[in-house]
Amino acid sequence: MTELSALQAWVGRRETRQADVPAVLAARMAALLDCDADTGVGEILPAHWYPMLFGETALQRQIGADGHPLKGGFLPPVQLPRRMFAGRRVQFLRPLRIGDAVEKSSEIIAITPKTGRSGQMCFVTVRHEISGPEGVAVVEEQDIVYREAPGAAGQAAAARPAPPPEQALAPVVTLLPDPVMLFRYSAITFNAHRIHYDRDYAMGTEHYPGLVVNGGLTLLLLWDYAARLGWRLDASASRNRKPLFASRAISLHAVSRGAERWLLARDDSGEIAVEAQVTEVRA
């Protein structure tokens, strides 16, 4: 791994991009979520659709073997081959409208190498602010984790703690994220990570049992599930606990843990893959 002192030089690195809220991507997001929402210019963009904005636009010559932009530009050159979405903390501050001019300001706020039972890892935390005509609309802190190649020494599965007591708040919804859904989400977000669409690469190079469901897609499905329940989210803090795989059923749950509200995505064995603690807009 690149020396810690060298990696730390990336902390504080910033970039800013401008765009608009495109009607065509809003229509595609509605199609992905099987939603009849009006996506014309001037309509309010559902808050949880913001991930469609500012997809990666690296030039083709700047793409690495895994489909991600090459390291060492905005993101640090972490010398670990596997890159995964680990979680994010989001505040939904004010709405955006389709057609709005928007700006995204990004800053690397932490780089944390770790060594544990799963081998070497490095967490990179990036803070994003998306602003529209009325000010900052979304604040997001996203955690990206880089890991060793599969089969490396010390990658024993860590024991998982017992889940806390839960009470169901809504009926469970079961979905089957198939390769078409993965492709459509990757196309909307311009995410070229090959583990989501190239089965040979996912299985032969990264040694997954199949195509990996985008972590962002799973969280989007949870947020959309909450929206269909009538929840208006104010904030969300999520963690990806294990990968999900295409063509395997997942179940979405809304539960309480004491006074807290949580959204959970479970795999076909019942284990939690993604969990998000959420709060609602106060009346």
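Domain 1 covers residues 1-150 and domain 2 covers 164-282, with bounds that come from an automatic or database domain assignment. Residues are numbered from 1 along each chain as its sequence is written. Because the model is predicted, local features need pLDDT of at least 70 and side-chain atom pairs count only at pLDDT 80 or more, while totals for chains, interfaces and linings use all residues.

Where the domains touch, 32 residues of domain 1 are in contact with 34 residues of domain 2, contact meaning heavy atoms within 4.5 Å. The area buried between domain 1 and domain 2 is about 2700 Å², with carbon and sulfur atoms giving 60% of that area; buried area is the accessible area (1.4 Å probe) that two parts lose on being put together, summed over both. In domain 1, the residues that lose the most area to domain 2 are Leu 32, His 48 and Phe 92, which together make up 22% of what that side buries.

One salt bridge is found across the interface of domain 1 and domain 2, the term standing for a side-chain nitrogen of Lys or Arg within 4 Å of a carboxyl oxygen of Asp or Glu. A salt bridge joins Arg 82 to Glu 206, with the closest N and O atoms 3.6 Å apart.

On the side of domain 1 that touches domain 2, the elements giving two or more residues are α2 (23-32) and β3 (82-92), where helices (H or I, at least four residues) and strands (E, at least two) are DSSP runs, numbered from the N terminus. The largest share of that side, eleven residues, comes from β3.

Conventions:
Heavy atoms only, no water.
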